[in-house]
Amino acid sequence: MALVNDVKREINAKIVYVGPRGAGKSTALRYIYGKLKAEYRSELKSTPLGEHQLLFFDFTYPQSVRSGGYAVRFHLYTIHGESDSPLPWKMLLKGADGMVFMADSDPQRLEENIASSAQLCEALAHYGKKPGDIPVSFQGNKRDLPHPLPLARLVSETFPELEASAIGVTADKGEGVLEGLQRVVRAVLHNLGQGELPEEVGGEERPQDEGTVAGQPMVVDQDFDAAGLRVAPAGEPVMLNSGVLSVPLRLLDSGGNCMAEFKLGITITN
Ligand SMILES: Nc1nc2c(ncn2[C@@H]2O[C@H](COP(=O)(O)OP(=O)(O)OP(=O)(O)O)[C@@H](O)[C@H]2O)c(=O)[nH]1
Ligand SMILES: [Mg+2]
């Protein structure tokens, strides 16, 4: 569900890189980031998401892809590092307009690919969706390995119901990464009712009337499902010199896992 910003005349589309740990999601994101000119992209940021790290940035195309007169800004996200729990993926996939599934072509890691696909399906089911309802670009990474799994097998074992063909990627060298991104971007634009897409990421022309915006996590948006969440103390309250009482708290999911730590500042008025 792309978010429309009428003030900036932008449509914000969310693309999530999913897949098993170590498949190459961060490598792909960093490669894309490195290919974009600074004026077209925000900073690459890493921020805590519960016990995990969210890696993200946003960009627009130089020729300023437009849908109904609005520029389209693409926000790319992945979870970095330990992410065995399905919860962060569930949060991240909320409102996603497209996904890139990074599979690991290492035959030894087929089970992890399958488990990740199952986790993804479960996360989408939480929102009443299945993979085909949101465009998926399937990328088989690490094609440079000595004996990578054949792409067709990788897809049929991991996503038997997927209709689109897979793209072979060597994210370390950037091979296939941009092609895989373009594929999902095209599908997202199609869903937004607009198909034109510049051929290249990067380029010489400057957008006409846009400033760049720093990436903001769009993970917890207004209609985030907060059912089952609890807030618990995370330490002793401290009275600050400013007269504000700082209360450390933890946000817990229904299973008691910590999703975030924060401090509540209370100004005592009487
Ligand atoms: N041989 C090979 N290794 C790769 C390739 N792409 C990434 N790697 C390596 O695979 C390892 C994991 O890559 P990451 O990009 O960190 O993978 P990730 O999916 O972000 O992993 P998590 O953040 O742990 O989920 C790193 O050591 C990369 O250098 C590739 O195309 N070929
Ligand atoms: Mg990573």
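**Note on the predicted model and its ligand sites**

1. **Overall build.** The protein has five helices and 13 strands. Helices (H or I, at least four residues) and strands (E, at least two) are DSSP runs, numbered from the N terminus. This is a predicted model, in which local features need pLDDT of at least 70, side-chain atom pairs count only at pLDDT 80 or more, and totals for chains, interfaces and linings use all residues. Residues are numbered from 1 along each chain as its sequence is written, chains are lettered from A and ligands numbered from 1 in the order in which they are written, and side-chain values use heavy atoms, with hydrogens and water left out.

2. **Burial and surface.** The chain holds 270 residues, and 47% of them count as buried. Buried means under 20% relative accessible area, exposed over 50%, and partly exposed in between (1.4 Å probe, protein chains only). The accessible surface of the protein is about 13200 Å². Carbon and sulfur atoms account for 51% of that surface. Areas come from the Shrake-Rupley method with a 1.4 Å probe; for residues, only the protein chains shown count as cover.

3. **Contacts along the chain.** Take contacts between residues at least 6 apart in sequence: 66% of them join residues at least 24 apart. Contact means heavy atoms within 4.5 Å.

4. S26 is buried, at 12% relative accessible area. H80 is partly exposed, at 32%.

5. **Ligand 1 shell.** The shell of ligand 1 counts 17 residues, and the closest are K25, S26, T27, G81 and D144. A residue is counted as near if one of its heavy atoms lies within 4 Å. Helix α1 gives the most, with three residues. By class, the shell has four nonpolar, eight polar and five charged residues. Here Ala, Val, Leu, Ile, Met, Phe, Trp, Tyr, Cys and Pro are nonpolar, Asp, Glu, Lys and Arg charged, and the others, Gly among them, polar.

6. **Polar atoms at ligand 1.** An oxygen atom of ligand 1 lies 2.8 Å from a polar backbone atom of G22. A backbone N or O atom of A23 is 3.1 Å from an oxygen atom of the ligand. The side chain of N141 places an N or O atom 3.2 Å from a ligand nitrogen. On its own, ligand 1 has 650 Å² of accessible area, and the protein covers 73% of it.

7. **S105.** This residue sits in the loop between β7 (98-104) and α3 (110-125). S105 is buried, with a relative accessible area of 0%. Its side chain reaches the backbone oxygen of N141 at 2.5 Å. Beyond neighbours within four places in sequence, S105 contacts include N141, K142, H147 and L154.

8. **The β8-α4 loop.** D144 lies in the loop between β8 (136-141) and α4 (151-158). D144 is partly exposed, at 42% relative accessible area. Leaving out residues up to four places away in sequence, D144 touches T170 and K173. K142 is found in the loop between β8 and α4. Its phi is near 65°, a positive value in a residue other than glycine. K142 is partly exposed, at 24%.

Conventions:
A polar contact is a pair of N or O atoms within 3.5 Å; within protein, one must be able to donate a hydrogen and the other to accept it, and residues adjacent in sequence count only if both atoms are side-chain atoms.
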